[in-house]
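I set out below what I looked up in this structure, entry by entry. The sequence and the model come first.

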Amino acid sequence: MAKVLVSFDDRLLARVDREAKRQGLTRSAYLARMAERELGARNGPGRQASVRRAMDRLDALFRAHGMPEDPTVAIRAERDAR
């Protein structure tokens, strides 16, 4: 996975961060989702409408009930425990 450095106006970045948090996403995940939608270039199972709907329902559940922990932290902890 590539990492990129981009510049944002401070106010725009604050809006991005607020919306990402509201959706229970990291900043990177939120920006990637926006880019995929803008470019219409969904890859993998998300290309199918039924899968996108299921993923949207899961996103709604996470927004409604919160996430028990930051997924990035959990993944790193699991990886580092190996």
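**Entry 1: Gln 23**

I began with Gln 23, whose place is in the loop between H1 and H2. For helices I used DSSP runs (H or I, at least four residues), for strands runs of E of at least two, both numbered from the N terminus. The model is a predicted one, in which local features need pLDDT of at least 70 and side-chain atom pairs count only at pLDDT 80 or more, while totals for chains, interfaces and linings use all residues. Residues are numbered from 1 along each chain as its sequence is written, and side-chain values use heavy atoms, with hydrogens and water left out.

I then listed what Gln 23 touches, leaving aside residues up to four places away in sequence: Tyr 30, Arg 33 and Arg 63. Contact here means heavy atoms within 4.5 Å.

**Entry 2: the chain as a whole**

I counted 4 helices and 0 strands in the protein chain. Along the sequence the pattern reads α-α-α-α. The C-alpha atoms fill a box of roughly 35 × 35 × 30 Å along the principal axes. Of the 82 residues, 10% count as buried.

H1 has 13 residues, and its first and last C-alpha atoms are 18 Å apart, close to the 18 Å expected at 1.5 Å a residue. The expected span is 1.5 Å times one less than the number of residues.

What caps the N-terminal end of H1? I found Asp 9 there, with a side-chain oxygen 2.9 Å from the backbone nitrogen of Arg 11. Just after H1, Gly 24 has a positive phi of about 75 degrees. Just after H2, Gly 40 has a positive phi of about 65 degrees.

**Entry 3: how H1 meets H2**

H1 (residues 10-22) and H2 (residues 27-39) pack at an angle of about 95 degrees, and their axes are 9 Å apart. H1 is therefore roughly perpendicular to H2, a term that covers 65 to 115 degrees. The axes are lines fitted to C-alpha atoms over the stretch in contact, and angles run from 0 to 180 degrees between N-to-C directions.

Which residues meet? From H1 I noted Leu 13, Val 16, Asp 17, Glu 19 and Ala 20; from H2, Arg 27, Tyr 30 and Leu 31. The residues of this contact divide into 5 nonpolar, no polar and 3 charged. Ala, Val, Leu, Ile, Met, Phe, Trp, Tyr, Cys and Pro count as nonpolar, Asp, Glu, Lys and Arg as charged, and the others, Gly among them, as polar.

**Entry 4: three further residues**

Glu 36 is in helix H2 and is partly exposed, at a relative accessible area of 32%. Glu 36 and Glu 69 are 33 residues apart in sequence, and 25 Å separates their C-alpha atoms.

Thr 72 lies in helix H4 (residues 71-80) and counts as partly exposed at 26% relative accessibility. Thr 72 and Gly 24 are 48 residues apart along the chain, with their C-alpha atoms separated by 12 Å.

Ala 81 is in the segment after H4 and counts as exposed at 65% relative accessibility. Between the C-alpha atoms of Ala 81 and Leu 61, 20 residues apart along the chain, I noted 29 Å.

Key. Parallel < 35°, antiparallel > 145°, perpendicular 65-115°, else oblique. Polar contact = N/O pair within 3.5 Å; in protein donor to acceptor, adjacent residues only side chain to side chain. Buried < 20%, exposed > 50% of the residue type's maximum accessible area, 1.4 Å probe, protein only.
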